Amino acid sequence: MKQSYRILAFAALLLSVLAFGKKKAPVAADGVFLRQLQSRDSILIADQLRYGVKFSDVAPGVSFQVAQLPDSLWEGVDIVRDWSVDTLSVNKKKKEVLSRDLEIAMTLTSFDEGVHILPPIVMLRHTPDAQDDTLFFDGVSFEMCTMPVDTATFVVHDIKGQIRYPVTFAEILPYLGGALALAGIIVGVIFLVRRLRRRRDGEVKFVEPAHIVALRALDKYRGDAFWEPAKQKAFYSGVTDALREYMDARYGVSAMEMTTPEILAQLKKTDVSAENYEDIKTLFERADFVKFAKHIATREENAQVVPLAVRFVTTTYQADIENPSQTK
């Protein structure tokens, strides 16, 4: 029932506004304002205006509903922004809101010269105790002006081209600095690349002689630390691996990938002496028994291993010095 009453009240208000029509508005009542958003002494074409009502000391819970008026009442006036409620200030006491100052307004503009009469402002006020009041504020008028033209001295001029200002050094400086920095980076990279290439090309890679590498590896197995039965497999594997690498470097025999018979067959094709060949045969066959047949070598046999291997390396190395033409 109360909602039906509100609808009827609004309908009556709208009928009264329609009856207002195009008549000149009376003097604005208290609270209604119309102000420019631009600081000028007159209103020019397309200037924006703020049109609305101010309320002071509005109690908490009070709300307002503005009636939407027909477009015919806004002839010659364009609405930039529709009605909005802004809180200007709040009166509080110990965080409790006692009252507020509100501004209910819209933003308008016009592109038509002349006097424009704004329609009245009609709104419904709702209170917390369900009391509804109808508020009616008379509209105001304003005059929209254009820029004056002196027709006596007016001369039609052609369209001017775009103004071109001279380029200053301050404008060029950032680009110049960036170009110099980029050039410096490029030069630095080129210099670094060339230096690395020269260093790489001029660098002499030192390779230790094969006999030095082999003797250093065999020196780790001197003494009886590896003669215990549990360590003999590692002992014979280390000694024979050192000899395999030496054969690979000295004779070009891929001994690391060959079995003992294959190594012996390749050694027969080299300048290895018969004595060295027999020593290597004895050593490698005994190593195969220890590694694969679980043979336990005697202390006498173990004591012969490193000296035999060292003799093979040193005698073949001496052969290289005496007959360098035979070295591969």
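The model is predicted: local features require pLDDT of at least 70 and side-chain atom pairs pLDDT 80 or more, while totals for chains, interfaces and linings use all residues. Residues are numbered from 1 along each chain as its sequence is written, and side-chain values use heavy atoms, without hydrogens and water.

Helices (DSSP runs of H or I, at least four residues) and strands (E, at least two) are numbered from the N terminus. Helix α4 covers residues 232-251. Of the 20 residues, 14 are buried, so α4 is largely enclosed by the rest of the structure. Buried means under 20% relative accessible area, exposed over 50%, and partly exposed in between (1.4 Å probe, protein chains only).

E103 lies in strand β5 (residues 96-109). Its relative accessibility is 5%, so E103 counts as buried. Beyond neighbours within four places in sequence, E103 is in contact (heavy atoms within 4.5 Å) with residues including F33, R50, V53 and L88. R35 is also one of its contacts. The side chains of E103 and R35 make a polar contact at 3.1 Å. Such a contact is a pair of N or O atoms within 3.5 Å; within protein, one must be able to donate a hydrogen and the other to accept it, and residues adjacent in sequence count only if both atoms are side-chain atoms.

F169 belongs to helix α2 (residues 169-202). At 58% relative accessibility, F169 is exposed.

Methods
The expected span of a helix is 1.5 Å times one less than its number of residues.
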